[in-house]
Amino acid sequence: MTGGDGRRFLPETSTSNGPSGSRHGGHAGLQWSTMPYGDAQRTWFPEMLDVLRVRWRANLSFSEMIALRDELDAMLHRIRSERHIRTPVIRCRRCGHVGPAAEPDVTVRAMLFSLGRFGLVPADAMKLLDKRWAAYREQHGLDLYGKPAIAGGAAACGHL
Ligand SMILES: [Zn+2]
């Protein structure tokens, strides 16, 4: 479990600049080639990286990045649904409901981290981009997905 804001994205705790970092126990994320095929929490698939590789340009605007995220996110959900990958049943930390965990999503930040992680953007540039994105997000009042944030935040329980 990554905890954090409750959304699952690439583990951002591993900040080592090593080629692919160390393995976290059974964590979804990197090194899919060595991971079991149907990891329930998986948020990246090789097909998505292919798209990222083809579409990524250093001069993309933030709105273009958000559009690219939308595409990758749609792809993630399509792949998961086609392969019948389901999230595990959990007890919600927030409301106590027992049921399938929320589907993982691609956040803009997870996409940026992937750029660094898979070597499409040098680590320094990725960190800078991440900072610029955080500033842009704040300035425009956007959520993790680059959409206008809903005032008040705590919307209906999506079961984390
Ligand atoms: Zn809940």
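These are my notebook entries on one predicted protein model.

**Entry 1: confidence**

The mean pLDDT of the protein chain is 79. I noted that 71% of its residues reach 70 or more. Residues 1-37 are another matter, with pLDDT below 50. In the model this stretch still has 41 contacts beyond near neighbours in sequence. Where pLDDT is low, predicted coordinates should not be read in detail. I therefore leave the details of low-pLDDT parts alone.

**Entry 2: the layout**

I looked up the helices and strands next. The protein chain has 4 helices and 2 strands. Along the sequence they follow the pattern α-α-β-β-α-α. I then checked burial, and 19% of the 160 residues are buried.

**Entry 3: helix α2**

α2 covers residues 62-82. I tested its length. Its 21 residues, at 1.5 Å each, should span 30 Å. The end C-alpha atoms are 30 Å apart, which agrees.

Which residues of α2 are buried? I found Met65, Ile66, Leu68, Arg69, Leu72, Asp73 and Leu76. Seen down the helix axis, the buried residues fall within an arc of 160°, so they line one face of α2. On the other side, Ser63, Ala74, Arg78, Ser81 and Glu82 are exposed. I also asked what covers the buried residues of α2. The cover includes α1 and α3.

**Entry 4: the nonpolar core**

In soluble globular proteins, nonpolar side chains tend to be buried together. I looked for such a group here. The largest nonpolar core has 16 residues. Those with the most contacts inside this core are Met48, Leu72, Val106, Val108, Met111 and Leu112. α1 (46-55), α2 and α3 (108-117) each supply at least two of its residues. Which helix gives the largest share? α3 does, with 6 residues.

Val106 is then in contact with Thr43, Arg69, Leu72, Asp73, Leu76 and Met111. Arg69, Leu72, Asp73 and Leu76 are also among the buried residues of α2.

**Entry 5: His84**

Just after α2 I stopped at His84, which takes a positive phi of about 55°. This is a positive value in a residue other than glycine. His84 is found in the loop between α2 and β1 (89-91). Is His84 buried or exposed? I counted 7 other C-beta atoms within 10 Å of His84. The limit for an exposed residue is 12 or fewer, so His84 is exposed.

**Entry 6: His97**

His97 lies in the loop between β1 and β2 (98-100). It has 11 C-beta neighbours inside 10 Å, so His97 counts as exposed. What does His97 touch, leaving aside its neighbours within four places in sequence? It is in contact with Cys92 and His159. I checked Cys157 too, which is 60 residues from His97 along the chain. The C-alpha atoms of His97 and Cys157 are separated by 9.5 Å.

**Entry 7: helix α4**

My last stop was α4, residues 123-140. I ran the length test again. At 1.5 Å a residue, its 18 residues should span 26 Å. The end C-alpha atoms of α4 are 25 Å apart, which agrees. Just after α4, Gly141 takes a positive phi of about 60°.

Note on methods
Residues numbered from 1 in each chain as written. Predicted model: local features only at pLDDT ≥ 70, side-chain atom pairs only at ≥ 80, totals over all residues. Buried ≥ 20, exposed ≤ 12 C-beta atoms within 10 Å, placed from the backbone. Core = buried A, V, L, I, M, F, W, Y, C linked by C-beta atoms within 7 Å. Contact = placed C-beta atoms within 7 Å. Expected span 1.5 Å × (residues − 1). Arc of directions from axis to C-beta. pLDDT = per-residue confidence, 0-100.
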